[in-house]
Amino acid sequence: MPLRIQGHLARHFLSGVALAVGLALAGDATAQNPVAASDAMKHDGTPAGQYQPSLDALGAQALEQAGAKPGSPQLSDAEFKRANQIYFERCAGCHGVLRKGATGKPLTTNITREHGYEYLRDFITYGSPGGMPNWGTSNELQQEEIELMARYLLNEPAQPPEFGMPEIRATWKVIVPVDQRPTKQMNKLDLDNLMSVTLRDSGEIALIDGASKQIVTRIKTGYAVHISRISASGRYLYVIGRDAKVNLIDLWMEIPATVAELKVGNEARSVETSKFKGFEDKYAIAGAYWPPQYVIMDGATLEPLKIVSTRGMIYDEQTYHPEPRVASIVASHFKPEFLVNIKETGKIRLVDYSDIKNLKEIEIEAERFLHDGGFDATKRYFMVAANARNKVAIIDMKEGRLVKVVETQGQTPHPGRGANFVHPKHGPVWATGHLGDETITLIGTDPEKHPKEAWTVVQTLIGQGGGSLFVKTHPKSHYLYVDTTLNTDPDISSSVAVFDIKELGQDKPKYKVLPIGEWSGIKEGQRRVVQGEFNKDGSEIWFSVWNGKAQESAIVVVDDKTLKLKSVIKDKSLITPTGKFNLLNTRDDVY
């Protein structure tokens, strides 16, 4: 009978974010990457292990099997292709294309071979009480797939092809030339109150009118759109899929539609547009996971203008990393600059786009495993989570420097854009939730009027549990909303905790639970609730009820004043709705 691995033994494994096969081995990780190994262990025992970003595009690439060493199990071409697909669809986003580790631990062969086939097979089958999915006993993977993945991880990883200017230009399409586009808005839509909603598993976005709650149109995009961003003028919407496809959507058309597209690589997560005065709508930028690079494009046509690699030295070790992926990107409100976060090297680049022919960058050493983040209320300071290090790095966008790196006092911070509000005792703060535990951390952000509180953790709140992806509030709201999307308890993952900001001066502030999943009326599936997003005037907040592709999903709208159910948006075309982006709030960085 197979061995069930649990307890202390299981904690020698990482149940890291985005596990593909439910694997991560402690082993002698220091031989490959001592810093990443020790940091990644912080994920053990957390709901972060339930995060399984699917639809990563590299699974579709035709990759050649690396040379096998004597004693390694052989895979046929068909087996290798299938194993690659499972790996890239489920865990490359965490462990890296080359398996060298990032938020998740390394899965290199010096680790996997030490433990052997049976150990891998049984661990995949049964998972661990630390949060790693039990892929076998849950029937998520069949027995033959589990055995295949155990063999696959004993072989060297394949490296996908590079994606340079010839490959990028080959994907570039201008569907509607600039001179054939409208010269004024040709529809009656309130563009500032539109929601761009990711339909994750159908490869689309839905534009939903904030007033009527009606779907205006659905637009084919890249696979599993990660984010939507709006141009400074409010005319153009940029979306990027996990397959690195960028769509440029003209909102002035009678029915908004894609007017240009291209791919910036094989896998990506981030896109942004120039916002500084005099450069409105002029440029767009997209960052790729593979190859690790960013691409600057013409803002109106997506013509690729410049590619910059992010490969280089890890800031603290001063050792070379072949796969430092581009995480979040934001546009400065103070200078013609993009801020580019680079995960594995722990560096932030401030990219001056005023002269891209003679491109200038400021490189800031921050912290490793940079992920997502947002501005403070003044938009001068950018706060970004280094999630595997349990820290937040703070950048002064006006002076172009690192202000401080703050320990969040929680496990695996995941703020989304974070949430800004005025605390009754500590003044202006920025909040982040955590994947790994129930902590919500508040960091002071006002160095002028509240210097003692600035850039310190002024308070930690205790929420429903771990597995939080997004916190949200609005300047007109006095509530802080915290989702727990990836919590293993279905009651917690299908509900939202709401703190009254006016009561945060208490020693142990309490929260109210909104049963969003129950309000949706959906009876099947996990009903994971994800990412609150306010409408343009801050009067209501929308939550996605995210089910499987073949199951019913919905969007639940809550009245911010009363915390009561206001509306439920359902449609057969709302397939796996996840991220929602109000165009005004997204354009003006209101959160």
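What follows is a run of questions about labels, each answered from the value behind it.

Colleague: What kind of model is this, and how many helices and strands are there in the protein?

Modeller: This is a predicted model. There are eleven helices and 35 strands in the protein. Of its 591 residues, 65% count as buried. The protein exposes about 21100 Å², and carbon and sulfur atoms supply 49% of that area.

Colleague: What share of the contacts in the protein with a separation of 6 or more comes from residues 24 or more positions apart?

Modeller: Those residues account for 59% of such contacts.

Colleague: Why is Lys275 called buried?

Modeller: Buried means under 20% relative accessible area. Lys275 has 12%, so the label buried applies. This lysine lies in the loop between S9 and S10.

Colleague: What does the side chain of Lys275 reach, and what makes its link to Asp589 a polar contact?

Modeller: The side chain of Lys275 reaches the backbone oxygen of Arg587 at 3.1 Å. It also meets the side chain of Asp589 at 3.0 Å. A polar contact needs N or O atoms within 3.5 Å, so a distance of 3.0 Å passes the cut-off. Leaving aside neighbours within four places in sequence, Lys275 is also in contact with other residues, among them Ala232, Glu280, His333 and Tyr353.

Colleague: Is Glu267 buried or exposed?

Modeller: Glu267 is buried, because its relative accessible area is 0% and the limit is 20%. Glu267 lies in strand S9. Its side chain makes a polar contact with the side chain of Arg269, at 3.2 Å.

Colleague: And why is Gln143 called partly exposed?

Modeller: The label covers what falls between buried, under 20%, and exposed, over 50%. Gln143 has a relative accessible area of 39%, so it is partly exposed. Gln143 is found in helix H7, residues 143-152.

Colleague: What makes a set of residues a nonpolar core?

Modeller: The residues must be buried, be of the listed nonpolar kinds, and be joined through side-chain atoms within 4.5 Å. The largest such core has 24 residues. Those with the most contacts inside it are Ile240, Val246, Val264, Met297 and Leu302. Six strands, S6, S7, S8, S9, S10 and S11, each supply at least two residues of this core. A second, separate core has 22 residues, including Ile86, Val97, Leu148 and Ala158. In soluble globular proteins, nonpolar side chains tend to be buried together.

Colleague: Which residues does Val264 touch?

Modeller: Residues up to four places away in sequence are not counted. The others include Phe163, Ile168, Ile240, Val246, Val295 and Met297.

Colleague: What makes Thr412 and Leu563 worth a look?

Modeller: Most residues other than glycine have a negative phi. Thr412 has a positive phi of about 65° and is not a glycine. Leu563 is likewise not a glycine, and its phi is positive, near 60°. Thr412 sits in the loop between strand S22 and strand S23. Leu563 lies in the loop between strand S33 and strand S34.

Colleague: Are Thr412 and Leu563 buried or exposed?

Modeller: Thr412 is at 0% relative accessibility, so it counts as buried. Leu563 has a relative accessible area of 5%, so it is buried too.

Colleague: Which peptide bond is cis, with omega near -15°?

Modeller: The bond from Trp290 to Pro291. Most peptide bonds are trans. Pro291 is in the loop between S10 and S11.

Colleague: What makes a space a cavity and not a pocket?

Modeller: In a cavity the probe fits but cannot get out, whereas a pocket is open. The structure holds two cavities of 30 Å³ or more. Of its 13 lining residues, the closest to the centre are Glu438, Ile440, Gly463, Gly465 and Val482.

Colleague: How big is the second largest pocket, and which residues line it?

Modeller: Its volume is about 240 Å³. It has 16 lining residues, and Ala377, Asn420, Phe421, Pro475 and Tyr591 are the closest to its centre. S23 gives the largest share of the lining, three residues.

Key:
Residues are numbered from 1 along each chain as its sequence is written. This is a predicted model: local features need pLDDT of at least 70, side-chain atom pairs count only at pLDDT 80 or more; totals for chains, interfaces and linings use all residues. Side-chain values use heavy atoms; hydrogens and water are left out. Buried means under 20% relative accessible area, exposed over 50%, partly exposed in between (1.4 Å probe, protein chains only). Helices (H or I, at least four residues) and strands (E, at least two) are DSSP runs, numbered from the N terminus. Contact means heavy atoms within 4.5 Å. Accessible areas come from the Shrake-Rupley method with a 1.4 Å probe; for residues, only the protein chains shown count as cover. A polar contact is a pair of N or O atoms within 3.5 Å; within protein, one must be able to donate a hydrogen and the other to accept it, and residues adjacent in sequence count only if both atoms are side-chain atoms. On a 1 Å grid over the protein atoms alone, a cavity is a set of points where a 1.4 Å probe fits but cannot get out, and a pocket is an open set with protein on both sides within 12 Å along at least five of seven lines; lining residues have an atom within 4 Å of a point. Grid points are joined across faces, edges and corners, and a volume is the space filled by probe spheres set on the points.
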